[in-house]
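Let's take a friendly look at the charged side chains here. Here are the sequence and the structure.

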Amino acid sequence: MTKLVECVPNFSEGNNKEVIDALGQAISQTPGCVLLDVDAGASTNRTVYTFVGSPEAVIEGALSAARKAGQLIDMSRHTGEHPRMGALDVCPFVPVMNVSMEECVTCAYVFGQRLAAELGVPVYLYGEAAREESRKALPAIRAGEYEALPEKLAKPEWAPDFGPPTFVPRWGATVTGARTFLIAYNINLLCTKELAHRIALNLREQGRGADQPGRLKRVQGIGWYLEEENIAQVSTNLLDFETTPLHAVYEEVCRDAEALNLPVVGSQLVGLVPRKAMLDTAEFYIKKEKLFILEEEQKIRLVVSRLGLDSLSPFHPRERIIEYLVQAGEVDGGLVAKPLRAFVRAVGGRSAAPGGGSVSAAAAALGAALGCMVGLMSYGKRQFEELDPIMRKLIPPFHQAMDELVEMVDSDSRAFSSYMEAMKLPKSTPEERERRVAAMQQGLKTAVRVPCALAEKVSGLWPALKELACHCNLACKSDIQVGAKMLEAAVFGAYFNVMINLKDITDEKFKLAMSQKVSRMLEESKQGSALVLALLEKRVA
């Protein structure tokens, strides 16, 4: 599977278009690197580049841009609102897909060593790559900024991790490391820089110091003024958006602003944002306002509206949400991207994959889709108005399962392919044979876990399907009947796929646990399908 790392170098130049473009070209012309976003700020005099690629490719892309920065940026002349200490101020590596945090730490080490060796500049490690606890937080390393470097570098405790402990006036120093996805998020206020900073101090985890911590965990913050927009901003970094989500930051700023009689006029995402961060915020407002929204596109639109993300410039989800950009750049969209005829022909081809597992996943997705359809056909019409509260509860599980089960069409095919690849490994020496057997066993376990997860997902739908059968629009009776049998057939398929792969697994404890689990879920599906059909037969149109 493709390994994807995100690299987000922040360069200390936000006004000179020629320099900004040259750095972007250095990245985009590096083989294997895809430049996703360039966000330049005039007041901050800083540009954030976001690009993705394999671990090896992103290291080369970052080095290429750094070499160019060494020629074009002179830190001795730099001024800007944003804290900074170097021409390439900070360069984090972030795991995106099929990559561990440890691999990103390795990226930071390799990049830092090579940068220091090639340009002769001091480089510090932070975040997950930090070798000392005191250097984990970026603000701690950057304290005093560029101007404090001559004195700082002379202190033994601030010796760089790579490169010389000497001040390089044109460059300054660079910080590199590995971290989870950081979201740069700014909330707009019509007030002074000082008032915005006052709110930032209330919220950021660091607060005003150890004796006055802020309210929001894993959040950094500062207040500044954007001259080009004639507004102030509470500028934040969300270090872990699952600990403190976007909506929590926005709502807390609004709360403090209201207490100070200050107007909030939207907000701004800098760079890219994970899809989950947007959808989590959508769910917050859906629950808060008791809304009924199913489609992802509409959920994203809701977030843009509630947070005012288009207040300073248009917010285009396809250009700002990282998963959408990655998908757009993929040449092979997998089985689910194929037209139906092509998918059927792929199944009918002379190849072991896609096979019964992918077909089972497709059947399950169609069964869930029929449940969703029946719910929607029983909702929002005057003749079924009394059913609206029930359908609002029943439709979302089918809609969510429909999307998740579609993804399993490719997951199953990939799982079996990983086993087939393991079989091709060399087996000339005892060590090679041992590695091959271990890889094959791991491949078989994965090939078992995917259909077992499918059966588990379907098992969670039977309670909703039974309730839907009791209340749905009877004009859709045949649709829900077909849906029930499709879901049952999918679990049969999952059962057969689990059992055929279990026979070659040597881990007896794993075999017993999986066999018992999938057998139980098969019985649940038989009973669930039979009960749904019986409930429908009892109803009279």
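Is Glu-132 buried, partly exposed or exposed? Glu-132 is partly exposed, with a relative accessible area of 37%; buried means under 20% relative accessible area, exposed over 50%, and partly exposed in between (1.4 Å probe, protein chains only). Its salt-bridge partner is Arg-135, which counts as buried at 2% relative accessibility.

A word on the ground rules: this is a predicted model, where local features need pLDDT of at least 70 and side-chain atom pairs count only at pLDDT 80 or more, while totals for chains, interfaces and linings use all residues. Residues are numbered from 1 along each chain as its sequence is written, and side-chain values use heavy atoms, leaving out hydrogens and water.

A salt bridge here is a side-chain nitrogen of Lys or Arg within 4 Å of a carboxyl oxygen of Asp or Glu. The count by this rule comes to 35 salt bridges, including these pairs:

| Pair | N to O distance |
|---|---|
| Arg-46 and Asp-89 | 2.9 Å |
| Glu-252 and Arg-255 | 3.3 Å |
| Glu-132 and Arg-135 | 4.0 Å |

Arg-46 pairs with Asp-89 in a salt bridge. Arg-46 lies in strand 4 (residues 46-53) and Asp-89 in strand 5 (residues 88-97), so this pair ties together parts that are 43 residues apart in sequence. Both Arg-46 and Asp-89 are buried.

Glu-252 and Arg-255 share helix 7 (residues 246-259), where they sit 3 residues apart, about one turn of the helix. Glu-252 is buried, at 17% relative accessible area. Helices (H or I, at least four residues) and strands (E, at least two) are DSSP runs, numbered from the N terminus.

Finally, a network of salt bridges links Glu-60, Arg-67, Arg-114 and Glu-118.
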